[in-house]
Amino acid sequence: MMNLDPDQLEALAAAVSEGTFDAAARALHVTPSAVSQRLKALETSVGQVLLTRSKPVRATTSGETLLRAARQIQAVSADALRELGAGDAGEGPSVVALAVNADSLDTWFLAALAEPGVLAEPGGLDGLDGAVFDLRREDETRTAELLRRGEVIAAVTTSRNPVPGCAVRRLGRMRYAPRASAAFRAQWFPDGVTAAALSRAPVVLFDRDDTIQERYLRRRVRRPLHPPRHYIPESGPYFQAVRLGLGWGMIPDLQLARDTGADLVDLDPAGEIDVELYWQQWRVAGPTLERVARAVQATAAQFLR
């Protein structure tokens, strides 16, 4: 029976996190040669190439499988040491890496992380002595990929199909509607939301992975349209771009409810789109991740449909 060597797994995780063998060596307080030897030994033991020796270093498909195992071992070990009071304070707090989409991050997700007791149990370590968050912002259709690659330990995602080794829990739906400023509607949609108007009116997209505007257009017109496109890759500035009249966009109800002073109008009351969100996390979860998961679910129940 083959057993995975913890030092070799640690070297794999460090190489991917730091991007180079030299940086991994500095993080592990060993020589680059030692990192290289550990990785070579790990590849030999499993009989597969685990890394592409590029800059930055990247895990292969086989490497991603072992990278998830390495990160799980690190997280569970850190939780166990904290419970025992045996952690090395000099190493600093453990890192909870999470992937979340921009609109959730801008509206409801941070409220979950700020819930009392999320970072430490009552009577245990307080606040940031226990753990810190490393949030990776990504489109909700792509957050599961970060989980699959082992870059995060949990994610808010639209995927209900579990990543290998992960459990899925439903969070709820974020509702979006096509909205614009009153002046923009008067200028571009004087006769209502017609195919001709939608083909000419500028639209605001978050980035090249943002497809919700395209979903609305396909459903509304049922043929390809190519209106002028602005790309505004931040949730707050995106909202402001629509409010200021640069174009129309799919704005979440939660954002509109928060910014009650924004003069936005619904272009198409029948054009609402619900985006179903799920929480995926490792099945091997320590108490820190479980506290985060409970807080995320409870907060989502308050904000999502």
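**Salt bridges and helix faces**

Glu290 counts as partly exposed, at 23% relative accessibility. On this scale, buried means under 20% relative accessible area, exposed means over 50%, and partly exposed is anything in between, using a 1.4 Å probe and protein chains only. The model is a predicted one, so local features need pLDDT of at least 70 and side-chain atom pairs count only at pLDDT 80 or more, while totals for chains, interfaces and linings use all residues. Residues are numbered from 1 along each chain as its sequence is written, and side-chain values use heavy atoms, with hydrogens and water left out.

Glu290 has a partner. Its salt bridge is with Arg169, and the closest N and O atoms are 3.4 Å apart. Arg169 sits in strand β6 (residues 166-181) and Glu290 in helix α13 (residues 287-303), so this pair ties together parts that are 121 residues apart in sequence. A salt bridge here is a side-chain nitrogen of Lys or Arg within 4 Å of a carboxyl oxygen of Asp or Glu. Helices (H or I, at least four residues) and strands (E, at least two) are DSSP runs, numbered from the N terminus.

Strand β6 is part of another such link. The side chains of Arg179 and Asp253 meet in a salt bridge at 2.9 Å, N to O. With Arg179 in β6 and Asp253 in helix α12 (residues 253-258), the pair ties together parts that are 74 residues apart in sequence. Arg179 is tucked away: its relative accessible area is 6%, and it counts as buried.

A further salt bridge joins Arg137 to Glu234, with the closest N and O atoms 3.0 Å apart. This one also links distant parts of the chain, since Arg137 belongs to strand β4 (residues 131-137) and Glu234 to the loop between β8 (229-231) and α11, 97 residues apart. Arg137 is partly exposed at 39% relative accessibility, and Glu234 is partly exposed too, at 40%. In total, the structure holds 20 salt bridges. Some join up into a network, made of Asp134, Arg136, Glu145, Arg148, Arg149 and Glu151.

Arg68, in helix α4 (residues 61-84), is buried yet has no salt bridge, and the nearest side chain of opposite charge, Glu64, is 5.1 Å away. Beyond its neighbours within four places in sequence, Arg68 is in contact (heavy atoms within 4.5 Å) with Leu147, Arg148, Gly150, Pro164 and Trp282. Glu64 also has its place in α4, and it counts as buried at 12% relative accessibility. With neighbours within four places set aside, the contacts of Glu64 are Ala59, Arg148 and Arg149. Glu64 and Val193, by comparison, are 129 residues apart in sequence and 46 Å apart in space, C-alpha to C-alpha.

Two helices show how buried residues can be laid out. In helix α10 (residues 212-221), the buried ones are Ile212, Gln213, Tyr216, Leu217 and Val221. Viewed down the axis of α10, they fall within an arc of 145 degrees, so they line one face of the helix. The arc is that of the directions from the helix axis to the C-beta atoms. These residues pack against β6, α9 (195-200), β7 (203-205), α11, β9 (249-252) and β11 (273-282). Just past α10 comes Arg222, with a positive phi of about 65 degrees.

Helix α11 (residues 235-243) has Ser235, Tyr238, Phe239, Ala241 and Val242 as its buried residues. Down the axis of α11, these fall within an arc of 160 degrees, so they line one face of the helix. After α11 comes Gly245, whose phi is positive, near 95 degrees.

As for the protein overall, it has 13 helices and eleven strands, and its C-alpha atoms fill a box of roughly 70 × 45 × 30 Å along the principal axes. Of its 305 residues, 45% count as buried. Among contacts between residues at least 6 apart in sequence, 74% join residues at least 24 apart.

Methods
Lys, Arg positive; Asp, Glu negative; His and termini not counted.
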